[in-house]
Amino acid sequence: MIHSWNNVIFHIDMDSFFASVESSKRPELKGLPLVIGSDPKSGSGRGVVSTCSYEARRFGIHSAMPISKAYRLCPDAVFLPVNSKLYKEVSDRIMRILQSYADRFEQVSIDEAYLDMSSKVCDHTTATKFATQIKNKVVETEGITCSVGVAPGKTVAKIASDHDKPNGLTIVQPTEVKQFLAPLPVAKIPGIGKKTEQILKQMHIKDIGELADADIQILMNKFGKHAISMKSIANGIDVRELKDKTEVKSISKEDTFDFDTNDVDKIDSVLMSLCEDVHRTMLRKQFLFRTVTIKVRFKDFTTYTRASTLPFTTNDLETIKKCSRDLMQEFIHKDEFRLIGVGITKLEKIDRKQTLITDFI
Ligand code: TTP
Ligand code: MG
(Lines give C-alpha, C1' and ligand atoms only; values in the text may rest on other atoms or scores of the structure.)
(Ligands and ions follow the chains in the order given, each with its own letter.)
Protein backbone atom coordinates (compact mmCIF):
# COMPACT_ATOMS: atom_id res chain seq x y z
CA MET A 1 0.00 0.00 0.00
CA ILE A 2 1.08 3.56 -0.71
CA HIS A 3 2.09 5.38 2.48
CA SER A 4 3.91 8.40 1.11
CA TRP A 5 2.84 11.50 -0.79
CA ASN A 6 4.27 10.17 -4.08
CA ASN A 7 0.91 10.16 -5.79
CA VAL A 8 -1.43 13.05 -5.15
CA ILE A 9 -4.73 13.25 -6.98
CA PHE A 10 -7.27 16.04 -6.60
CA HIS A 11 -10.87 15.38 -7.63
CA ILE A 12 -12.79 18.59 -8.13
CA ASP A 13 -16.54 18.75 -8.59
CA MET A 14 -18.62 21.91 -8.92
CA ASP A 15 -21.44 22.34 -6.43
CA SER A 16 -24.98 22.15 -7.89
CA PHE A 17 -23.33 23.16 -11.15
CA PHE A 18 -26.15 24.30 -13.47
CA ALA A 19 -27.95 26.02 -10.59
CA SER A 20 -24.74 27.72 -9.40
CA VAL A 21 -24.06 29.06 -12.90
CA GLU A 22 -27.57 30.52 -13.06
CA SER A 23 -27.34 32.19 -9.67
CA SER A 24 -23.87 33.53 -10.42
CA LYS A 25 -25.37 35.29 -13.48
CA ARG A 26 -28.42 36.43 -11.50
CA PRO A 27 -27.33 37.07 -7.89
CA GLU A 28 -30.95 37.69 -6.84
CA LEU A 29 -31.39 33.90 -7.08
CA LYS A 30 -28.70 33.21 -4.46
CA GLY A 31 -30.06 31.52 -1.36
CA LEU A 32 -33.34 30.54 -3.04
CA PRO A 33 -34.56 27.05 -3.82
CA LEU A 34 -33.69 26.90 -7.51
CA VAL A 35 -34.57 23.99 -9.79
CA ILE A 36 -33.05 23.57 -13.25
CA GLY A 37 -35.02 21.36 -15.61
CA SER A 38 -37.98 21.27 -17.89
CA ASP A 39 -41.03 23.48 -17.39
CA PRO A 40 -43.03 22.25 -14.35
CA LYS A 41 -46.23 23.58 -15.96
CA SER A 42 -47.75 24.16 -12.52
CA GLY A 43 -47.26 20.50 -11.67
CA SER A 44 -48.28 18.86 -14.94
CA GLY A 45 -44.85 19.05 -16.63
CA ARG A 46 -43.47 15.70 -17.79
CA GLY A 47 -39.71 16.32 -17.78
CA VAL A 48 -37.12 15.80 -15.06
CA VAL A 49 -34.92 17.85 -12.74
CA SER A 50 -31.41 18.37 -14.09
CA THR A 51 -30.12 19.69 -10.81
CA CYS A 52 -31.15 22.05 -8.04
CA SER A 53 -29.59 24.37 -5.49
CA TYR A 54 -28.75 23.05 -2.03
CA GLU A 55 -31.67 25.12 -0.70
CA ALA A 56 -34.01 23.12 -2.98
CA ARG A 57 -32.41 19.86 -1.84
CA ARG A 58 -33.70 20.56 1.67
CA PHE A 59 -37.20 19.97 0.27
CA GLY A 60 -36.12 16.54 -0.98
CA ILE A 61 -35.64 17.60 -4.59
CA HIS A 62 -32.78 15.98 -6.52
CA SER A 63 -31.43 15.33 -10.02
CA ALA A 64 -33.49 13.02 -12.26
CA MET A 65 -36.64 13.47 -10.16
CA PRO A 66 -39.83 14.12 -12.19
CA ILE A 67 -40.27 17.87 -12.41
CA SER A 68 -43.92 17.46 -11.37
CA LYS A 69 -42.77 15.91 -8.09
CA ALA A 70 -40.25 18.72 -7.55
CA TYR A 71 -43.09 21.18 -8.04
CA ARG A 72 -45.23 19.38 -5.46
CA LEU A 73 -42.35 19.38 -2.96
CA CYS A 74 -41.64 23.08 -3.38
CA PRO A 75 -44.06 25.04 -5.59
CA ASP A 76 -42.37 28.29 -4.52
CA ALA A 77 -38.99 27.26 -5.91
CA VAL A 78 -37.63 29.15 -8.90
CA PHE A 79 -37.80 26.85 -11.93
CA LEU A 80 -35.44 27.59 -14.82
CA PRO A 81 -34.92 25.78 -18.12
CA VAL A 82 -31.58 24.14 -18.93
CA ASN A 83 -29.22 26.52 -20.76
CA SER A 84 -26.65 24.00 -22.00
CA LYS A 85 -24.67 26.46 -24.09
CA LEU A 86 -24.02 28.72 -21.10
CA TYR A 87 -22.99 25.82 -18.83
CA LYS A 88 -20.59 24.49 -21.45
CA GLU A 89 -18.93 27.92 -21.80
CA VAL A 90 -18.51 28.27 -18.03
CA SER A 91 -17.29 24.68 -17.80
CA ASP A 92 -14.66 25.25 -20.50
CA ARG A 93 -13.31 28.29 -18.63
CA ILE A 94 -13.24 26.43 -15.31
CA MET A 95 -11.52 23.41 -16.86
CA ARG A 96 -8.80 25.68 -18.26
CA ILE A 97 -8.21 27.08 -14.77
CA LEU A 98 -8.04 23.61 -13.22
CA GLN A 99 -5.75 22.33 -15.94
CA SER A 100 -3.30 25.18 -15.35
CA TYR A 101 -2.58 23.83 -11.84
CA ALA A 102 -2.06 20.18 -12.76
CA ASP A 103 0.82 18.00 -13.93
CA ARG A 104 -1.77 15.86 -15.66
CA PHE A 105 -5.43 16.52 -16.07
CA GLU A 106 -8.53 14.47 -16.83
CA GLN A 107 -11.92 16.05 -17.30
CA VAL A 108 -14.57 13.51 -16.37
CA SER A 109 -17.80 15.37 -17.01
CA ILE A 110 -19.05 18.91 -17.51
CA ASP A 111 -18.32 19.82 -13.88
CA GLU A 112 -15.65 17.46 -12.57
CA ALA A 113 -12.01 16.69 -13.19
CA TYR A 114 -9.02 14.87 -11.78
CA LEU A 115 -5.75 16.74 -11.33
CA ASP A 116 -2.46 14.97 -10.80
CA MET A 117 -0.69 17.24 -8.31
CA SER A 118 2.12 14.84 -7.39
CA SER A 119 4.99 17.18 -8.23
CA LYS A 120 3.51 20.09 -6.25
CA VAL A 121 1.99 18.56 -3.14
CA CYS A 122 4.15 16.80 -0.57
CA ASP A 123 2.11 17.02 2.65
CA HIS A 124 -1.16 18.13 4.22
CA THR A 125 -0.09 21.79 4.25
CA THR A 126 0.72 22.01 0.55
CA ALA A 127 -2.44 20.03 -0.28
CA THR A 128 -4.51 22.58 1.64
CA LYS A 129 -2.66 25.47 0.03
CA PHE A 130 -3.26 24.35 -3.56
CA ALA A 131 -6.84 23.21 -2.97
CA THR A 132 -7.69 26.56 -1.38
CA GLN A 133 -5.99 28.46 -4.19
CA ILE A 134 -7.98 26.53 -6.80
CA LYS A 135 -11.28 26.95 -4.96
CA ASN A 136 -10.68 30.70 -4.58
CA LYS A 137 -9.73 31.10 -8.23
CA VAL A 138 -12.96 29.42 -9.40
CA VAL A 139 -15.05 31.60 -7.08
CA GLU A 140 -13.24 34.78 -8.19
CA THR A 141 -13.59 34.10 -11.90
CA GLU A 142 -16.96 32.33 -12.15
CA GLY A 143 -18.65 33.01 -8.83
CA ILE A 144 -19.31 29.37 -8.06
CA THR A 145 -18.03 27.01 -5.40
CA CYS A 146 -16.65 23.54 -5.78
CA SER A 147 -15.69 20.65 -3.56
CA VAL A 148 -12.24 19.13 -3.57
CA GLY A 149 -11.09 15.66 -2.57
CA VAL A 150 -7.39 14.91 -2.18
CA ALA A 151 -6.09 11.34 -2.00
CA PRO A 152 -3.35 9.06 -3.34
CA GLY A 153 -5.71 7.67 -6.02
CA LYS A 154 -8.61 8.66 -8.22
CA THR A 155 -11.40 6.69 -6.58
CA VAL A 156 -10.66 7.82 -3.05
CA ALA A 157 -10.23 11.41 -4.26
CA LYS A 158 -13.68 11.20 -5.85
CA ILE A 159 -15.24 9.77 -2.71
CA ALA A 160 -13.48 12.52 -0.72
CA SER A 161 -14.77 15.39 -2.90
CA ASP A 162 -18.30 14.16 -2.23
CA HIS A 163 -17.66 13.81 1.50
CA ASP A 164 -18.29 17.38 2.57
CA LYS A 165 -20.35 19.03 -0.16
CA PRO A 166 -20.95 21.87 -0.86
CA ASN A 167 -17.78 23.99 -0.76
CA GLY A 168 -15.88 21.16 0.89
CA LEU A 169 -12.25 20.17 1.15
CA THR A 170 -11.43 16.65 2.28
CA ILE A 171 -7.83 15.56 2.38
CA VAL A 172 -7.20 11.86 2.85
CA GLN A 173 -3.59 11.42 3.83
CA PRO A 174 -1.79 8.37 2.43
CA THR A 175 -1.66 6.70 5.86
CA GLU A 176 -5.36 7.33 6.48
CA VAL A 177 -6.95 5.87 3.36
CA LYS A 178 -8.24 2.64 4.92
CA GLN A 179 -9.53 4.39 8.04
CA PHE A 180 -11.28 7.00 5.90
CA LEU A 181 -13.02 4.39 3.78
CA ALA A 182 -13.86 1.78 6.42
CA PRO A 183 -17.00 3.36 7.97
CA LEU A 184 -18.50 4.56 4.67
CA PRO A 185 -21.37 2.63 3.06
CA VAL A 186 -20.28 0.42 0.14
CA ALA A 187 -22.44 2.48 -2.24
CA LYS A 188 -19.93 5.31 -1.90
CA ILE A 189 -17.61 3.34 -4.18
CA PRO A 190 -18.30 4.55 -7.73
CA GLY A 191 -19.65 1.61 -9.68
CA ILE A 192 -21.41 -0.01 -6.73
CA GLY A 193 -25.04 0.61 -7.59
CA LYS A 194 -28.29 -0.42 -5.93
CA LYS A 195 -28.09 -4.04 -7.18
CA THR A 196 -24.54 -4.71 -5.99
CA GLU A 197 -25.30 -2.93 -2.73
CA GLN A 198 -28.30 -5.22 -2.19
CA ILE A 199 -26.30 -8.40 -2.86
CA LEU A 200 -23.53 -7.22 -0.54
CA LYS A 201 -26.12 -6.47 2.12
CA GLN A 202 -27.39 -10.06 1.90
CA MET A 203 -23.76 -11.10 2.49
CA HIS A 204 -23.76 -8.86 5.61
CA ILE A 205 -21.37 -6.42 3.96
CA LYS A 206 -22.63 -2.88 4.47
CA ASP A 207 -19.61 -0.69 4.91
CA ILE A 208 -16.37 -0.45 2.98
CA GLY A 209 -14.36 -1.84 5.91
CA GLU A 210 -16.40 -5.06 5.78
CA LEU A 211 -15.86 -5.25 2.02
CA ALA A 212 -12.11 -4.76 2.53
CA ASP A 213 -12.01 -7.78 4.86
CA ALA A 214 -14.37 -9.99 2.86
CA ASP A 215 -13.18 -13.31 1.45
CA ILE A 216 -12.13 -12.76 -2.18
CA GLN A 217 -13.32 -16.23 -3.26
CA ILE A 218 -16.81 -15.63 -1.90
CA LEU A 219 -16.90 -12.20 -3.57
CA MET A 220 -15.71 -13.67 -6.86
CA ASN A 221 -18.43 -16.31 -6.77
CA LYS A 222 -20.98 -13.49 -6.69
CA PHE A 223 -19.37 -10.79 -8.81
CA GLY A 224 -16.76 -12.49 -10.99
CA LYS A 225 -13.67 -10.46 -11.76
CA HIS A 226 -15.31 -7.21 -10.59
CA ALA A 227 -14.78 -8.54 -7.09
CA ILE A 228 -11.05 -7.91 -7.44
CA SER A 229 -11.32 -4.21 -8.17
CA MET A 230 -14.08 -3.81 -5.59
CA LYS A 231 -11.98 -5.37 -2.85
CA SER A 232 -8.82 -3.54 -3.84
CA ILE A 233 -10.57 -0.16 -3.84
CA ALA A 234 -12.06 -1.00 -0.44
CA ASN A 235 -8.49 -1.58 0.72
CA GLY A 236 -7.43 1.78 -0.65
CA ILE A 237 -5.50 0.30 -3.57
CA ASP A 238 -6.17 2.36 -6.65
CA VAL A 239 -3.54 2.57 -9.35
CA ARG A 240 -5.61 3.93 -12.22
CA GLU A 241 -3.73 6.71 -13.93
CA LEU A 242 -5.32 9.86 -15.23
CA LYS A 243 -6.42 9.59 -18.81
CA ASP A 244 -5.08 12.57 -20.67
CA LYS A 245 -7.96 13.30 -22.96
CA THR A 246 -5.96 15.37 -25.35
CA GLU A 247 -7.54 17.08 -28.30
CA VAL A 248 -6.16 14.32 -30.51
CA LYS A 249 -9.14 12.30 -31.71
CA SER A 250 -7.55 10.71 -34.74
CA ILE A 251 -4.25 10.35 -36.54
CA SER A 252 -4.38 10.17 -40.29
CA LYS A 253 -2.24 10.58 -43.38
CA GLU A 254 -3.21 10.84 -47.01
CA ASP A 255 -1.45 11.07 -50.30
CA THR A 256 -2.50 12.27 -53.75
CA PHE A 257 -1.01 10.24 -56.59
CA ASP A 258 1.08 12.18 -59.12
CA PHE A 259 -1.17 10.70 -61.82
CA ASP A 260 -4.55 9.02 -61.40
CA THR A 261 -3.88 5.31 -61.25
CA ASN A 262 -5.42 1.87 -60.98
CA ASP A 263 -2.09 0.10 -60.60
CA VAL A 264 -2.79 -2.30 -57.74
CA ASP A 265 0.84 -2.62 -56.66
CA LYS A 266 1.36 1.11 -56.62
CA ILE A 267 -1.82 1.68 -54.61
CA ASP A 268 -0.81 -1.00 -52.14
CA SER A 269 2.69 0.34 -51.72
CA VAL A 270 1.41 3.87 -51.00
CA LEU A 271 -1.21 2.43 -48.66
CA MET A 272 1.47 0.53 -46.70
CA SER A 273 3.68 3.56 -46.45
CA LEU A 274 0.75 5.63 -45.13
CA CYS A 275 0.11 2.91 -42.52
CA GLU A 276 3.74 3.20 -41.44
CA ASP A 277 3.50 7.01 -41.18
CA VAL A 278 0.34 6.77 -39.08
CA HIS A 279 1.96 4.12 -36.89
CA ARG A 280 5.08 6.24 -36.31
CA THR A 281 3.02 9.25 -35.24
CA MET A 282 0.89 7.07 -32.98
CA LEU A 283 3.96 5.66 -31.21
CA ARG A 284 5.45 9.14 -30.78
CA LYS A 285 2.23 10.44 -29.27
CA GLN A 286 1.85 7.27 -27.15
CA PHE A 287 -1.57 6.18 -28.28
CA LEU A 288 -3.38 2.92 -28.73
CA PHE A 289 -6.18 2.65 -31.28
CA ARG A 290 -9.28 0.58 -31.87
CA THR A 291 -10.51 1.76 -35.26
CA VAL A 292 -8.75 1.88 -38.61
CA THR A 293 -10.17 4.06 -41.37
CA ILE A 294 -9.35 4.46 -45.02
CA LYS A 295 -10.25 7.14 -47.51
CA VAL A 296 -10.43 6.73 -51.24
CA ARG A 297 -10.89 9.48 -53.83
CA PHE A 298 -11.39 8.48 -57.45
CA LYS A 299 -10.37 10.59 -60.41
CA ASP A 300 -13.87 12.12 -60.64
CA PHE A 301 -13.43 13.28 -57.01
CA THR A 302 -16.05 10.92 -55.60
CA THR A 303 -14.78 10.15 -52.11
CA TYR A 304 -15.44 7.20 -49.83
CA THR A 305 -14.41 6.37 -46.28
CA ARG A 306 -14.57 3.02 -44.58
CA ALA A 307 -13.81 2.00 -41.01
CA SER A 308 -13.10 -1.20 -39.16
CA THR A 309 -13.27 -1.38 -35.38
CA LEU A 310 -11.40 -4.01 -33.40
CA PRO A 311 -12.73 -5.61 -30.21
CA PHE A 312 -9.56 -4.45 -28.37
CA THR A 313 -7.08 -1.55 -28.35
CA THR A 314 -3.65 -2.08 -29.82
CA ASN A 315 -0.66 -0.26 -31.26
CA ASP A 316 0.26 -2.96 -33.74
CA LEU A 317 1.43 -1.89 -37.21
CA GLU A 318 0.47 -5.17 -38.87
CA THR A 319 -3.11 -4.68 -37.64
CA ILE A 320 -3.28 -1.24 -39.27
CA LYS A 321 -1.92 -2.73 -42.50
CA LYS A 322 -4.26 -5.72 -42.54
CA CYS A 323 -7.38 -3.67 -41.73
CA SER A 324 -6.62 -1.04 -44.37
CA ARG A 325 -5.87 -3.69 -47.02
CA ASP A 326 -9.14 -5.47 -46.19
CA LEU A 327 -11.08 -2.21 -46.34
CA MET A 328 -9.44 -1.29 -49.64
CA GLN A 329 -10.61 -4.49 -51.33
CA GLU A 330 -14.02 -3.19 -52.32
CA PHE A 331 -12.48 -0.27 -54.24
CA ILE A 332 -9.74 -2.00 -56.18
CA HIS A 333 -10.43 -2.12 -59.96
CA LYS A 334 -13.44 0.18 -59.58
CA ASP A 335 -11.91 3.27 -61.12
CA GLU A 336 -8.68 5.24 -61.21
CA PHE A 337 -7.54 6.47 -57.82
CA ARG A 338 -6.66 10.09 -57.24
CA LEU A 339 -5.97 9.94 -53.48
CA ILE A 340 -5.88 7.45 -50.64
CA GLY A 341 -5.68 7.96 -46.89
CA VAL A 342 -5.30 5.89 -43.73
CA GLY A 343 -6.32 6.86 -40.23
CA ILE A 344 -6.78 5.52 -36.73
CA THR A 345 -9.44 6.66 -34.28
CA LYS A 346 -10.90 5.63 -30.92
CA LEU A 347 -7.54 6.55 -29.47
CA GLU A 348 -6.47 5.88 -25.93
CA LYS A 349 -3.40 7.27 -24.23
CA ILE A 350 -1.05 4.52 -23.07
CA ASP A 351 -1.52 3.99 -19.36
CA ARG A 352 1.82 2.97 -17.86
CA LYS A 353 0.26 1.44 -14.77
CA GLN A 354 -2.55 -0.36 -16.61
CA THR A 355 -0.97 -3.75 -16.09
CA LEU A 356 -0.64 -3.23 -12.34
CA ILE A 357 -4.38 -3.65 -11.93
CA THR A 358 -4.17 -7.21 -13.17
CA ASP A 359 -1.02 -7.78 -11.11
CA PHE A 360 -3.31 -7.62 -8.09
CA ILE A 361 -4.93 -10.92 -9.11
P1 TTP B 1 -23.40 16.58 -10.57
O2 TTP B 1 -22.00 17.00 -10.29
O3 TTP B 1 -23.76 15.15 -10.34
O4 TTP B 1 -24.41 17.42 -9.69
P5 TTP B 1 -24.36 18.94 -9.27
O6 TTP B 1 -23.09 19.59 -9.68
O7 TTP B 1 -25.60 19.60 -9.76
O8 TTP B 1 -24.47 18.85 -7.70
P9 TTP B 1 -23.34 18.38 -6.66
O10 TTP B 1 -23.10 19.58 -5.79
O11 TTP B 1 -23.97 17.25 -5.92
O12 TTP B 1 -22.13 17.98 -7.44
O13 TTP B 1 -23.78 16.93 -12.06
C14 TTP B 1 -23.28 18.07 -12.74
C15 TTP B 1 -24.35 18.66 -13.62
O16 TTP B 1 -24.81 17.69 -14.54
C17 TTP B 1 -25.57 19.13 -12.86
O18 TTP B 1 -25.44 20.45 -12.37
C19 TTP B 1 -26.66 18.99 -13.90
C20 TTP B 1 -26.21 17.86 -14.78
N21 TTP B 1 -26.97 16.64 -14.43
C22 TTP B 1 -28.14 16.36 -15.14
O23 TTP B 1 -28.52 17.11 -16.04
N24 TTP B 1 -28.88 15.26 -14.78
C25 TTP B 1 -28.51 14.41 -13.77
O26 TTP B 1 -29.21 13.42 -13.48
C27 TTP B 1 -27.29 14.71 -13.05
C28 TTP B 1 -26.85 13.81 -11.91
C29 TTP B 1 -26.57 15.82 -13.42
MG1 MG C 1 -21.25 18.69 -9.30
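Which of the 13 residues around ligand 1 come nearest? I looked this up first in what is a predicted model, and found that Ser 16, Ser 50, Thr 51, Tyr 54 and Arg 57 come nearest among the 13 residues around ligand 1.

**Ligand 1: polar atoms and cover.** I then went through the oxygen atoms of the ligand. I noted that an oxygen atom of ligand 1 lies 2.8 Å from a polar backbone atom of Ser 16, and that a backbone N or O atom of Met 14 is 3.1 Å from an oxygen atom of ligand 1. For Arg 57 I recorded a side-chain N or O atom at 2.9 Å from an oxygen atom of the ligand. On its own, ligand 1 has 550 Å² of accessible area, of which the protein covers 69%.

**Ligand 1: the shell.** At least two shell residues each come from strand E1 (9-14), helix H1 (17-25), strand E3 (49-52) and helix H2 (54-57).

**The nonpolar core.** I turned next to the largest nonpolar core, which has 37 residues, and noted that Phe 10, Ile 12, Met 14, Phe 17, Leu 98, Leu 115 and Met 117 touch the most other members. Two or more core residues come from each of several elements, including E1, H1, helix H4 (84-101) and strand E6 (112-116), and H4 gives the most, with eight residues.

**Phe 17.** Last, I listed the contacts of Phe 17, leaving out residues up to four places away in sequence, and found Tyr 87, Val 90, Ser 91, Ile 94, Ile 110, Asp 111 and Ile 144.

Definitions and conventions
Residues numbered from 1 in each chain as written. Chains lettered and ligands numbered in written order. Predicted model: local features only at pLDDT ≥ 70, side-chain atom pairs only at ≥ 80, totals over all residues. Heavy atoms only, no water. Near = heavy atom within 4 Å. Polar contact = N/O pair within 3.5 Å; in protein donor to acceptor, adjacent residues only side chain to side chain. Areas by Shrake-Rupley, 256 points an atom, 1.4 Å probe, with all protein chains shown as cover. Helix = DSSP H or I, 4+ residues; strand = E, 2+ residues; numbered from the N terminus. Core = buried A, V, L, I, M, F, W, Y, C linked by side-chain atoms within 4.5 Å. Buried < 20%, exposed > 50% of the residue type's maximum accessible area, 1.4 Å probe, protein only. Contact = heavy atoms within 4.5 Å.
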